[in-house]
Amino acid sequence: DEEFNELCFEFGLELDEITSEKDIISKEKGEEKAKGASDTILYKIDVPANRYDLLCLEGLVRGLQVFKERINLPRYEKIIPAQGEGQRLIITEETIQVRPHAVAAVLRNITFTKERYDSFIDLQEKLHQNICRRRALVAIGTHDLDTISGPFTYTAKAPSEIKFKPLNQSQEYTASQIMDLYRTDSHLRHYLHLIENKPLYPVIYDSNGVVLSMPPIINGDHTKISVNTRNVFIECTGTDITKAKIVLDIIVTMFSEYCEKPFSVEAAEVVYPNGKTHIYPELAYRKEKVKPELINKKIGISETPSSLAKLLTRMCLKSHVTGNGNNIEIEIPPTRADIIHACDIVEDAAIAYGYNNIQMTIPKTYTIANQLPLNKLTELLRLDLAAAGFTEALTFALCSQEDVADKLGMEISATKAVRIANPKTAEFQVARTTLLPGLLKTIAANRKMPLPLKLFEISDIVVKDPNTGKRRFLNL
């Protein structure tokens, strides 16, 4: 456990705790409720939000194995079927108003076990909560391809026109009935608002009219996958095409290792309403060039270009030195959507080098901080007033127009108050021009306290200045 904890830290992850289902229930609900729960050891690992490739056991193990230089980085291959033999997903123009984008792919001749199947479903749920923003941007559907026949049609229809048997249900419902059915469901009710107020609901059919799914709510029961499924059709619909492509890439790269030909994915053709077609998944590899001096300077180390290239390769970024050692060429795989800029590459080099191995140095820039004279004065005043028996009040810097004008017997124009352009509440309309309203409100709220009430406040006030528009003052 200690070794694994250290390995996680070296790889830029954090091992939160080692526990079990029984321990978790015991802590939350008591030992009585924990009886019969599983004793299987669970490792809770904190993964950075941008590392979608580490959200499942397959990706995490692969990443750690490459990091430890036990395996080489796999090459993901897109297999394009012969003309007329591949799967097609046709998008109709009705979807434009609801969820206009869709991508698709096929995992062909895959071998599931109970653990692999659970991991496959778990990854979808993690992606839904993370990059998919609770299915608002992307919704994932996975289907047993052997139970349906293409081409598939992604369209949108009136709720009354959609009828199918939802996942794990025993009878057919219309789309409106499905929304009512899941209104009390602890899991699915959180997604209903995404489409319930739309005139048309998105739906995917096969060539025989069988409903695959009604994204982003639920899949059809007819196409549900199981441990025995051999061919999986994956579709991702959404409002953000970039996120949809990333999600599809992550799912197929993580689980293509279980296909008959490991790390191969069968492409699907998507036909857009304007007649244009696109092949997905993209599985795009791209190359970036970074100067070794930049990496060394940013991290604060002095490694050779070949050593830096080796460090980056350990982080799943296949690298080699080019141009007489002047550049490092990095190949960014489809699993690393988080690599956007050279800074991301530098960060990975720093992780592989080890933050604890970076030599500590005093910065060359003179950066010794000092307190502002005004703040120093206020701190001294606060101490002396408190020592004299006064209680400090901290009130809001914004208040209503009434507080600074009417209640103090003044016209609002005479106060020189700075107004908020779009106040959310009547209580926060203007910046205070005096501390009195806040203190009087504090007294009004503490009338039950024994007298005398000795209060003070030292804070900023804001008044309009005819030359600059506004000016800040300190008030006591």
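Trainee: Where is the place of aspartate 221?

Mentor: Keep in mind that this is a predicted model. Look between two strands, E12 (218–219) and E13. Aspartate 221 has its place in the loop that joins them.

Trainee: And is aspartate 221 buried or exposed?

Mentor: Its neighbours first: leaving out residues up to four places away in sequence, aspartate 221 touches Lys165, Pro166, Leu167, Asn168 and Gln169. Its relative accessible area is 15%. Buried means under 20%, so aspartate 221 is buried.

Trainee: On to strand E13, then. Which side chain does glutamate 235 join in a polar contact?

Mentor: Glutamate 235 is in E13, which runs over residues 232–238. Setting aside residues up to four places away in sequence, glutamate 235 touches Val103, Ala104, Ala139, Ile140, Gly141, His143, Ile204 and Ser213. A side-chain polar contact of 3.0 Å links glutamate 235 to serine 213.

Trainee: Why does glutamate 235 count as buried?

Mentor: The cut-off for buried is under 20% relative accessible area. Glutamate 235 counts as buried because its relative accessibility is 2%.

Trainee: How far apart in space are glutamate 235 and tyrosine 43?

Mentor: Along the sequence, 192 residues separate glutamate 235 and tyrosine 43. In space, going C-alpha to C-alpha, the distance between the two is 31 Å.

Trainee: Helices next. How many residues of H4 are buried?

Mentor: Run along the helix and you find Glu58, Gly59, Leu60, Arg62, Gly63, Leu64, Val66 and Phe67 buried. These buried residues pack against helix H1 (2–10), strand E2 (41–46), helix H5 (114–129), H7, helix H9 (305–314) and H10. H4 is mostly covered, and the buried count, out of its 11 residues, is eight.

Trainee: Which residue with a positive phi follows H4?

Mentor: Helix H4 covers residues 57–67. Past it comes a residue with phi near 60°, and that is glutamate 69.

Trainee: How are H4 and H7 placed relative to each other, roughly parallel or roughly perpendicular?

Mentor: Two packed helices are described by the angle between their axes and the distance between the axes. For H4 and H7 (residues 241–255), the axes are 9 Å apart and the angle is about 70°. That makes H4, relative to H7, roughly perpendicular.

Trainee: Which residues in H7 meet H4?

Mentor: H4 passes H7 in a left-handed crossing. From H4 the contact uses Glu58, Gly59 and Arg62, and from H7 it uses Thr253, Met254 and Phe255.

Trainee: What about H8 and H10: how many of their contact residues are nonpolar?

Mentor: The axes of H8 (residues 292–299) and H10 (residues 342–353) come within 10 Å and cross at roughly 65°, and the crossing is right-handed. Leu294, Ile295, Lys298 and Ile299 in H8 meet Ala342, Val346, Ala349 and Ala350 in H10. With no polar residue and one charged in that contact, the nonpolar count is seven.

Trainee: Last one: threonine 335, buried or exposed?

Mentor: Threonine 335 has its place in the loop between strand E18 (327–332) and H10. Apart from residues up to four places away in sequence, threonine 335 touches Asp53, Tyr76, Ile250, Thr253 and Met254. Its relative accessible area is 7%, so threonine 335 is buried.

Methods: Residues are numbered from 1 along each chain as its sequence is written. This is a predicted model: local features need pLDDT of at least 70, side-chain atom pairs count only at pLDDT 80 or more; totals for chains, interfaces and linings use all residues. Side-chain values use heavy atoms; hydrogens and water are left out. Helices (H or I, at least four residues) and strands (E, at least two) are DSSP runs, numbered from the N terminus. Buried means under 20% relative accessible area, exposed over 50%, partly exposed in between (1.4 Å probe, protein chains only). Contact means heavy atoms within 4.5 Å. A polar contact is a pair of N or O atoms within 3.5 Å; within protein, one must be able to donate a hydrogen and the other to accept it, and residues adjacent in sequence count only if both atoms are side-chain atoms. Axes are lines fitted to C-alpha atoms, for helices over the stretch in contact, and angles run from 0 to 180 degrees between N-to-C directions. Angles under 35 degrees count as roughly parallel, over 145 as roughly antiparallel, 65 to 115 as roughly perpendicular and the rest as oblique. A crossing is left-handed if the near helix is turned anticlockwise from the far one by less than a right angle, and right-handed if clockwise. Ala, Val, Leu, Ile, Met, Phe, Trp, Tyr, Cys and Pro count as nonpolar, Asp, Glu, Lys and Arg as charged, and the others, Gly among them, as polar.
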